Amino acid sequence: MNPFKNLLSLFYPSLCVGCGAALMQNEQFVCLDCLHNLPKTNYHLHDTANNPAYDRFAGKIPVQQAAAYLYYSKEGLGQKLVGELKYQGNVALGNWIGTYLAHEWRNSEFWTDVDYIIPVPLHPKKLKKRGFNQAEVVARAIATERHISLETHNLYREKANTTQTKKSGFERWQNTQGIFNVRNAQLFENKCIILFDDVLTTGATLEACAHALLQCKNIQLRILTLAITTG
Ligand SMILES: [Zn+2]
């Protein structure tokens, strides 16, 4: 930390995203207490083809593996981290948590044979309004840390969907189908791909992306999200 920033932080300390405590010099985004209490699923330590994230796609789309890093519950740390990135525009936090995940999961078989990591695309209008795609920020950090290629051009969103927040499972599904497409199906032929999103709720958006990707011959799909809703 530079001396000026050090001095400034005496008067305006950075606060922990989790609990609001003033951060110490060696802490970033969250205090050590919150860091130790990250609500981790640890799916990567068990079976990535048999867990609650995988179950949300079972019988719907042929997914090889699925995993999520954190639990996302109301007022929980997972929700606070995602909110800070998505709504407060804390891109540095997104970069940090992506790197953290990829480092912690460095020995996981989840990355074996993966050719590309693809963030769920935002509609260009929404991207323009928000200024960044939160899923892409985290996916890029993971890609860098795990030496996997990030691909953000081939899968695209054809139309904007209306807000998902207040919709039921079926409405969400209906609202998302057919809104994604692939520009060049050959690019992903015979490739192993991780589709990445920030939060896994019903899985409707990821399912719609998967439908578009499955146009590519012999594609192998894995799904990863930063967080998964509970309950
Ligand atoms: Zn804290």
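Predicted model: local features only at pLDDT ≥ 70, side-chain atom pairs only at ≥ 80, totals over all residues.
1. Which strands pair with β2? One is β3, residues 149-150, which is parallel to β2 and joined to it by two bridges. Here Tyr116 has Ser149 as its bridge partner. Another is β6, residues 192-200, also parallel to β2, with four bridges between them. In β6, Ile194 is the bridge partner of Ile117.

2. Next, look at the largest nonpolar core. It holds 58 residues. Those touching the most other members are Ala68, Ile193, Leu195, Phe196, Cys209 and Leu213. Helix α7, residues 134-146, gives this core its largest share, seven residues. Both domain 1 (1-37) and domain 2 (38-229) supply at least three residues each.

3. Take Cys209 from that list. Leaving out residues up to four places away in sequence, Cys209 touches Val120, Leu155, Phe180 and Leu195.

4. Now turn to helix α4, residues 77-86. Its buried residues include Leu77, Gly78, Leu81, Val82 and Leu85. Why do they sit on the same side of α4? Because they cover an arc of only 135° around the axis.

5. What covers the buried residues of α4? The cover includes helices α2 (32-36), α5 (91-104) and α7. Strands β1 (65-72), β6 and β7 (220-229) are also among the covering elements.

Definitions and conventions:
Residues numbered from 1 in each chain as written. Pairing = 2+ DSSP bridges. Core = buried A, V, L, I, M, F, W, Y, C linked by C-beta atoms within 7 Å. Buried ≥ 20, exposed ≤ 12 C-beta atoms within 10 Å, placed from the backbone. Domains from an automatic or database assignment. Contact = placed C-beta atoms within 7 Å. Arc of directions from axis to C-beta.
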